Amino acid sequence: MSEVSLAIFEYIHCRVDGNPLSAVFAAIFTFHSLFTTFYIIGAFRLVECLMVPWLTLQLIFLTTFAMFVVVWWIATLLSIFNLVQYYHTPSDQGLTNAEFFVLTGIVLTLVLFLCMKLSHILYKGFVSVRTQNMTRYRITESVQRTDSVLKPSYV
């Protein structure tokens with residue numbers, strides 16, 4: 001639901017401002033909401049093949065986000081020695097350069113761990129659906145095997 005709202009918000013900004021980057025984000029949020037919908041449908045109907053695209057997308061997202069956090073911490077290290085600076089107006093007397101990078105790095109790291117925990121919980125849901133499907137398949141296969149073995153064959 002939130003992804004659809006973000007897609008609509010970005011699309012409106014694209015139409016109002018004419019910014020093509022907003023259109024790209026609107027498309028990304030739309031595709032992600034589609035994959036999330038597939039995951040939810042797959043979880044309720046116990047169809048694991050509908051859940052796999054979202055898990056793949058989430059894995060790609062987490063890997064990219066983790067790399068961004070690592071690069072951010074490298075920039076934080078460089079900002080301590082004033083080698084990297086963020087743009088701010090002269091009237092802005094808020095955080096220093098190093099404080100901004102450290103606080104943002106802490107927030108990004110917390111968000112990364114939250115996303116990782118959420119992905120792990122949803123992966124456990126996928127494994128549960130897969131286990132249920134495999135159990136049902138084994139029971140069905142064993143019933144069919146016992147039925148076919150007990151029937152006499154006439155040649």
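Predicted model: local features only at pLDDT ≥ 70, side-chain atom pairs only at ≥ 80, totals over all residues.
Residues are numbered from 1 along each chain as its sequence is written, and side-chain values use heavy atoms, with hydrogens and water left out.

Which residue does the side chain of Arg 130 meet in a salt bridge? I found Glu 48, at 3.7 Å from N to O, where the criterion asks for a side-chain nitrogen of Lys or Arg within 4 Å of a carboxyl oxygen of Asp or Glu. My search of the whole structure returned one salt bridge. Arg 130 lies in helix α4 and Glu 48 in the loop between α2 and α3, so the pair ties together parts that are 82 residues apart in sequence. Glu 48 is itself partly exposed, with a relative accessible area of 23%.

**Fold and loops**

I counted four helices and zero strands in the protein, taking both as DSSP runs numbered from the N terminus (helices H or I, at least four residues; strands E, at least two). Buried residues make up 22% of the 155 residues.

Leu 46 is partly exposed, at a relative accessible area of 25%. Asn 82 also has a positive phi, of about 60°, and is found in the loop between α3 and α4.

**Cysteines**

How many disulfides does the structure hold? I found zero, with a disulfide taken as a pair of cysteine sulfur atoms within 2.5 Å. Cys 49 is exposed, with a relative accessible area of 57%, whereas Cys 115 is buried, at 18%.

**Largest pocket**

I looked up the pockets on a 1 Å grid over the protein atoms alone, where a pocket is an open set of points where a 1.4 Å probe fits, with protein on both sides within 12 Å along at least five of seven lines, and lining residues have an atom within 4 Å of a point. A volume is the space filled by probe spheres set on the points, which are joined across faces, edges and corners.

The largest pocket holds about 570 Å³ of space. Of its 20 lining residues, Ile 28, Phe 29, His 32, Gln 58 and Phe 61 are the closest to its centre. I found that α1 (2-17), α2 (20-45), α3 (52-80) and α4 (97-150) each supply at least two residues of this lining. Domain 1 (1-43) and domain 2 (52-131) both give residues to the lining, so the largest pocket lies between them; the domain bounds come from an automatic or database assignment.

**Second largest pocket**

The second largest pocket holds about 200 Å³ of space, and the elements that give two or more residues to its lining are α3 and α4. Which element gives the most to this lining? I noted α3, with seven residues. Among the lining residues I list Val 52, Gln 58, Ser 119, Tyr 123 and Phe 126.

Key
Buried < 20%, exposed > 50% of the residue type's maximum accessible area, 1.4 Å probe, protein only.
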